Amino acid sequence: MSSQLVNLNVGHGNRKIIEAIKDQAEKLAYMGPGYAVDVRSELAHKVIEKAPANMAKVYFTLSGSESNENAIKIAKMVTGRYKIFSRYRSYHGASFGAANLSGEPRRYTCEPGIPGFVKFFDPYIYREGIEFKSEEDASKYYIAKLREQLIYEGTEFVAAIFLETITGSNGVIIPPKGYLKGIRDLCDEFGIIMVCDEVMTGWGRTGEWFACNHWKVEPDIITFAKGSTCGYVPLGGVIVNKKIAEYFDDNVLSCGLTYNAHPISCAAGCATLEVYDDENLIQNSRDMGKILGEELEKIKAKHPSVGDVRYIGLFSVVELVKDKSTREAFVPYGKDPDKIMGKLNGLLKEKGFSTYTHENCIIIAPPLIIKEDELKEALGMLDEVLNFADEYILK
Ligand SMILES: Cc1ncc(COP(=O)(O)O)c(C=O)c1O
């Protein structure tokens with residue numbers, strides 16, 4: 001129910017992808033990234049076709065972290081600036097630059113961090129403690145705060161604002177209406193590059209090819225990985241808009257590793273994108289996502305321990321609380337003295353519902369091939385296990 005690490009969107013054993021990997025291994029297992037290879041070009045075309053209309057070229061990597069590393073470098077090269085903004089509640093990867101970009105505690109092992117990496121707060125309305133009149137009002141608040149912070153940091157030094165389009169492992173925090181547009185406007189005002197990390201949200205997870213489509217916002221750069229090959233072999237990428245692509249027609253793109261744009265990964269990527277189309281998986285994500293949302297609302301209404309449920313496509317979370325009215329967290333931030341979250345996860349696993357938890361949150365992100373009966377069966381397991389969460393807070 002988490003598609004492994006929110007990547008196994010098409011499930012195990014997909015013949016089309018397996019055959020594409022085997023065929024490519026027979027045909028040409030490796031060719032350095034500086035050479036043209038048919039599957040490289042083919043995949044680049046397919047990716048640009050699926051990406052927002054302003055996107056022009058893609059640079060292939062092997063992971064989400066590596067995609068973000070390269071996006072940082074590209075933003076610095078294009079702007080000649082060095083500051084990078086990203087959010088506290090975020091995860092962008094475990095390599096040094098990507099971990100510095102991340103705001104959550106997995107960053108600490110890489111600190112003291114990279115100079116010029118600045119953090120700002122996510123629009124986490126449920127935990128904000130401010131009663132906003134509307135989503136638009138909340139967005140205005142967060143954007144105004146960010147604008148002030150950018151000015152204090154010196155906008156002329158800021159190369160990029162990175163954000164997970166929808167904060168993923170830190171609690172599926174869906175941006176309020178107007179928020180992404182507000183970020184886009186700030187980037188335009190100050191000549192800053194807007195980077196959407198769609199490593200988790202890209203490739204149909206939220207019911208759109210990319211989550212930014214929900215708000216009709218076109219970032220300058222999109223980074224991706226996970227769902228592009230669904231774990232069959234490693235692949236990631238950095239998609240850039242026309243202006244950035246053209247910059248590198250005349251300037252050196254100082255990036256590159258031995259295995260970038262690996263032919264076997266590219267062949268798997270081509271096959272995977274075809275599977276999304278052949279099996280109508282983006283639509284399934286929307287259709288099953290609707291049922292998921294309805295079922296989660298019922299679960300929220302029934303269980304005193306469920307404070308909030310957030311969902312979009314097949315990307316969702318159950319946030320547990322001690323008290324619905326005060327929204328007091330189920331376990332104190334960063335602490336879980338009774339290891340209750342681990343126990344709940346264990347109980348779910350015993351029933352056959354495999355996922356992971358983060359702080360007070362249970363992530364629910366099933367494969368995009370899931371069917372209605374499977375989804376309802378799994379949510380029945382969740383419903384049962386949440387009785388233990390209720391008992392824990394009521395005891
Ligand atoms: C939003 C986001 N960005 C980046 C990464 C890092 O990707 P990888 O583990 O492939 O390096 C992840 C991984 O979970 C992620 O969720």
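Trainee: What rules apply to residue numbers and to the predicted model?

Mentor: Residues are numbered from 1 along each chain as its sequence is written, and side-chain values use heavy atoms, with hydrogens and water left out. The model is predicted: local features need pLDDT of at least 70, side-chain atom pairs count only at pLDDT 80 or more, and totals for chains, interfaces and linings use all residues.

Trainee: How many aromatic pairs are there by the ring rule?

Mentor: Rings of Phe, Tyr and Trp (its six-membered ring) pair if their centres lie within 6.5 Å; planes under 30 degrees apart count as stacked, over 60 as edge-to-face and the rest as tilted. By this rule there are 13 aromatic pairs.

Trainee: Why is the pair Tyr-247 and Phe-248 called edge-to-face?

Mentor: The ring centres of Tyr-247 and Phe-248 are 5.0 Å apart and the planes stand at 85 degrees, so the pair is edge-to-face. Ring pairs also link a cluster made of Trp-203, Trp-209, Phe-210, Phe-224 and Tyr-276.

Trainee: Are Tyr-247 and Phe-248 buried or exposed?

Mentor: Buried means under 20% relative accessible area, exposed over 50%, and partly exposed in between (1.4 Å probe, protein chains only). Tyr-247 has 28%, so Tyr-247 counts as partly exposed. Phe-248 has 17%, so Phe-248 is buried.

Trainee: What makes Arg-106 a charge over the ring of Tyr-91?

Mentor: The term asks for NZ of Lys or CZ of Arg within 6 Å of the ring centre and within 35 degrees of the ring normal. The charged end of Arg-106 sits over the ring of Tyr-91, 3.8 Å from the ring centre.

Trainee: Which residues surround the ligand?

Mentor: A residue is near a molecule if one of its heavy atoms lies within 4 Å of it. Among the residues around the ligand are Ser-63, Asn-68, Tyr-91, His-92 and Glu-164. By class, the shell has 3 nonpolar, 6 polar and 3 charged residues; Ala, Val, Leu, Ile, Met, Phe, Trp, Tyr, Cys and Pro count as nonpolar, Asp, Glu, Lys and Arg as charged, and the others, Gly among them, as polar.

Trainee: What polar atom of Asp-197 lies by a nitrogen atom of the ligand?

Mentor: A polar contact is a pair of N or O atoms within 3.5 Å. A polar side-chain atom of Asp-197 lies 2.7 Å from a nitrogen atom of the ligand. An oxygen atom of the ligand is 2.9 Å from a polar backbone atom of Gly-64. Taken alone the ligand exposes 390 Å², and the protein buries 82% of that; accessible areas come from the Shrake-Rupley method with a 1.4 Å probe.

Trainee: What phi does Val-172 have?

Mentor: Val-172 is not a glycine, yet has a positive phi of about 40 degrees. With 0% relative accessibility, Val-172 counts as buried. Arg-327, also not a glycine, has a positive phi of about 65 degrees, and at 33% Arg-327 is partly exposed.

Note on methods. A polar contact is a pair of N or O atoms within 3.5 Å; within protein, one must be able to donate a hydrogen and the other to accept it, and residues adjacent in sequence count only if both atoms are side-chain atoms.
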